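I am opening my notebook on this structure. These entries follow what I looked up, one topic after another.

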Amino acid sequence: QVRLVESGGGLVQAGESLTLSCVASGDINCLTAMGWYRQVPGKKRVLVAGATKWGVISYADSVKGQFTIYRDKADNIADLQMNSLKPEDTATYYCKAKLGNVGRADCNQYVMNPRDDWGQGTQVTVSS
């Protein structure tokens, strides 16, 4: 498993930018993807942006062109650059890591039993 530590949330005004950072520790060699989700009270947690180990990147339609996800070369950090923030971007943002088959013997435990690990969440509030 991995432990995820998130940082970078806060209170900003509409139009400003924030960068969220997520650092993974533990079985980082077994990471297949990292991503950011967000959740508002009473609604489901939804994908904002994700990046696989092999360079495939995806974004929610609502943030395309506005948010950018970055992965470092060591593959254990996922940063989310958020520009031109809007009040509707207000949410708790969660980092998620997926562990699975990466072709390494020390990750065999995740081949048949892939897992997702979550961070504790960081609040982003955008005032109008």
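**Entry 1: Arg 45 and the rings**

I started at Arg 45. The charged end of Arg 45 sits over the ring of Trp 118, 4.6 Å from its centre. The charged end of Arg 45 also sits over the ring of Tyr 94, at 3.5 Å from the centre. My rule for a charge over a ring: NZ of Lys or CZ of Arg within 6 Å of the ring centre and within 35 degrees of the ring normal.

A note on the source: this is a predicted model, so I read local features only at pLDDT of at least 70 and side-chain atom pairs only at pLDDT 80 or more, while totals for chains, interfaces and linings use all residues. Residues are numbered from 1 along each chain as its sequence is written, and side-chain values use heavy atoms, with hydrogens and water left out.

**Entry 2: aromatic pairs**

How many aromatic pairs does the structure hold? I find 2 aromatic pairs. The rings of Tyr 37 and Trp 118 have centres 5.0 Å apart and planes at 70°, so I log this pair as edge-to-face. Tyr 37 is in strand β4 and Trp 118 in strand β10, 81 residues apart, and the pair links distant parts of the chain. Tyr 94 and Trp 118 form an edge-to-face pair too, with 6.5 Å centre to centre and 85° between the planes. Here Tyr 94 lies in strand β9 and Trp 118 in strand β10, 24 residues apart, and this pair also links distant parts of the chain.

The cut-offs: rings of Phe, Tyr and Trp (its six-membered ring) pair if their centres lie within 6.5 Å; planes under 30 degrees apart are stacked, over 60 edge-to-face, and the rest tilted. Strands (E, at least two residues) and helices (H or I, at least four) are DSSP runs, numbered from the N terminus.

Tyr 37, Tyr 94 and Trp 118 form one aromatic cluster.

Trp 118 is partly exposed at 35%. I use buried for under 20% relative accessible area, exposed for over 50%, and partly exposed in between (1.4 Å probe, protein chains only).

**Entry 3: disulfides**

Next I looked up the cysteines. The count comes to 2 disulfides, a disulfide being a pair of cysteine sulfur atoms within 2.5 Å.

Cys 22 is joined to Cys 95, with S to S at 2.1 Å. Cys 22 lies in strand β3 (residues 18-26) and Cys 95 in strand β9 (residues 91-99), so the pair ties together parts that are 73 residues apart in sequence. The torsion about the S-S bond of Cys 22 and Cys 95 is about -80°, so this disulfide is left-handed. Both Cys 22 and Cys 95 are buried.

Cys 30 is joined to Cys 107, with S to S at 2.0 Å. Cys 30 lies in the loop between β3 and β4 (31-39), and Cys 107 in the loop between β9 and β10 (115-118), so the pair ties together parts that are 77 residues apart in sequence. The link of Cys 30 and Cys 107 is left-handed, with -85° about the S-S bond. Both Cys 30 and Cys 107 are buried.

What is the pairing when the bonded cysteines are numbered in sequence order? I get 1-3, 2-4.

**Entry 4: the open sheet**

I followed β3 into its sheet. 4 strands form an open sheet in the order β1-β3-β8-β7, with antiparallel pairing. Which are the edge strands? They are β1 and β7 (67-71), and each pairs on one side only. The twist averages 15° from one strand to the next; axes are lines fitted to C-alpha atoms, for helices over the stretch in contact, and angles run from 0 to 180 degrees between N-to-C directions.

Two strands pair if DSSP finds at least two bridges between them. I went along the order.

- Strand β1 (residues 2-7) runs antiparallel to β3, and 6 bridges join them. Arg 3 stands opposite Ser 25 in β3.
- β3 runs antiparallel to strand β8 (residues 77-82), joined by 6 bridges. The bridge partner of Leu 20 in β8 is Leu 80.
- β7 and β8 pair in the antiparallel sense over 5 bridges. Thr 68 stands opposite Gln 81 in β8.

**Entry 5: Ser 84**

Last, a backbone check. Most residues other than glycine have a negative phi. Ser 84 has a positive phi of about 45° although it is not a glycine. I find Ser 84 in the loop between β8 and β9. Ser 84 is partly exposed, with a relative accessible area of 44%.
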